[in-house]
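Hello! I am passing on the structure below, together with some notes on what turned up in it. Have it open while you read.

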Amino acid sequence: RIVVGLARISSSFMVTGPGAVALVDPDTLAVSVHELGGGLTFCGEVDSIENTAVVTCSGPQFTIQEEDRRAGSGIVALGLRPDGTLGEVASHRGAEHPDDPVPSGPTIPLAPDRWLSVVWGVAGGDVPDRMRFFGRDAGPLFDAAAFTIGDGTYDPDRDLVLVPDADAGAIRRFRSNGEALDPVETAGCRGLPPREVRRVAFP
């Protein structure tokens, strides 16, 4: 099955509809929509881990204050039921955790019920980006300048988390338990800051 995140955003980019994903059967091209519920909105990011689709909903767009996005932000892990529909495996909805930071994405799944996600900072302000564990064993990992933590990846075979940090000009490396390893400097890449890391299995 193919799971497609749905931002459901208006042409003005100011209004987002209820959070949902589309489920596509590539053999029959049949499409169904799975509503995520709980007030989630802008659920366009989908990642995968262990046959589970992890959906990140960043909430209302163009809002500066974190609390303004809380009701619509969250992470939901979905699994495929025997009848071919999607079922919720685990979740972290911002509205249900009022004392925790609000996940914004990008998100790196470490397990079906444990994820790393960025909590957006405020550009030009004193609020940094925060990379944080959500779900099981929640807690902080590291902070960086606002809008500089990019989209990373996890290699479960090597228990290696790779996170691009444009502010530091490096790929940060961690174990899934949060243990920090030596970063990989990227200064030689024509001076361009790292923004995204992908794990590719070549034949």
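**Strands, sheets and rings**

β4 and strand β5 (residues 52-58) run antiparallel and are joined by five bridges. This is a predicted model, in which local features need pLDDT of at least 70 and side-chain atom pairs count only at pLDDT 80 or more, while totals for chains, interfaces and linings use all residues. Residues are numbered from 1 along each chain as its sequence is written, and side-chain values use heavy atoms, with hydrogens and water left out.

A few words on terms. Strands (E, at least two residues) and helices (H or I, at least four) are DSSP runs, numbered from the N terminus. Two strands pair if DSSP finds at least two bridges between them.

Which way do the side chains of β4 point? Buried means under 20% relative accessible area, exposed means over 50%, and partly exposed is in between (1.4 Å probe, protein chains only). In a regular strand the side chains alternate between the two faces of the sheet.

β4 belongs to an open sheet of four strands with the order β4-β5-β6-β7 and antiparallel pairing. Its edges are β4 (45-49) and β7 (86-93); each has a single partner strand, so one side of each is left without a neighbour in the sheet. On average, neighbouring strands of this sheet are turned by 25° against each other, direction ignored. For such angles, axes are lines fitted to C-alpha atoms (for helices over the stretch in contact), and angles run from 0 to 180 degrees between N-to-C directions. Seven bridges pair strand β6 (residues 73-80) with β7 in the antiparallel sense, and Gly-74 stands opposite Arg-93 in β7.

Another open sheet has three strands in the order β1-β2-β3, again with antiparallel pairing. Here β1 (2-6) and β3 (31-35) stand at the edges with a single partner strand each, so one side of each lacks a neighbour in the sheet. The twist from one strand to the next averages 25°. Strand β2 (residues 20-24) runs antiparallel to β3, with five bridges joining them, and Val-21 has His-34 in β3 as its bridge partner.

Now the rings. How many aromatic pairs does a search of the whole structure find? The search finds two. Rings of Phe, Tyr and Trp (its six-membered ring) pair if their centres lie within 6.5 Å; planes under 30 degrees apart count as stacked, over 60 as edge-to-face and the rest as tilted.

Trp-120 and Phe-147 form a tilted pair, 6.5 Å centre to centre with 40° between the planes. Trp-120 lies in the loop between β9 (114-119) and β10 (129-135), and Phe-147 in the loop between β11 (139-144) and β12 (153-155), 27 residues apart. Trp-120 is partly exposed at 25% relative accessible area, and Phe-147 is partly exposed at 44%.

Phe-142 and Phe-174 form a stacked pair, 5.6 Å centre to centre with 10° between the planes. Phe-142 lies in strand β11 and Phe-174 in strand β14 (residues 170-174), so this pair ties together parts that are 32 residues apart in sequence. Phe-142 is buried at 8% relative accessibility, and Phe-174 is buried at 5%.

Best wishes, and enjoy exploring!
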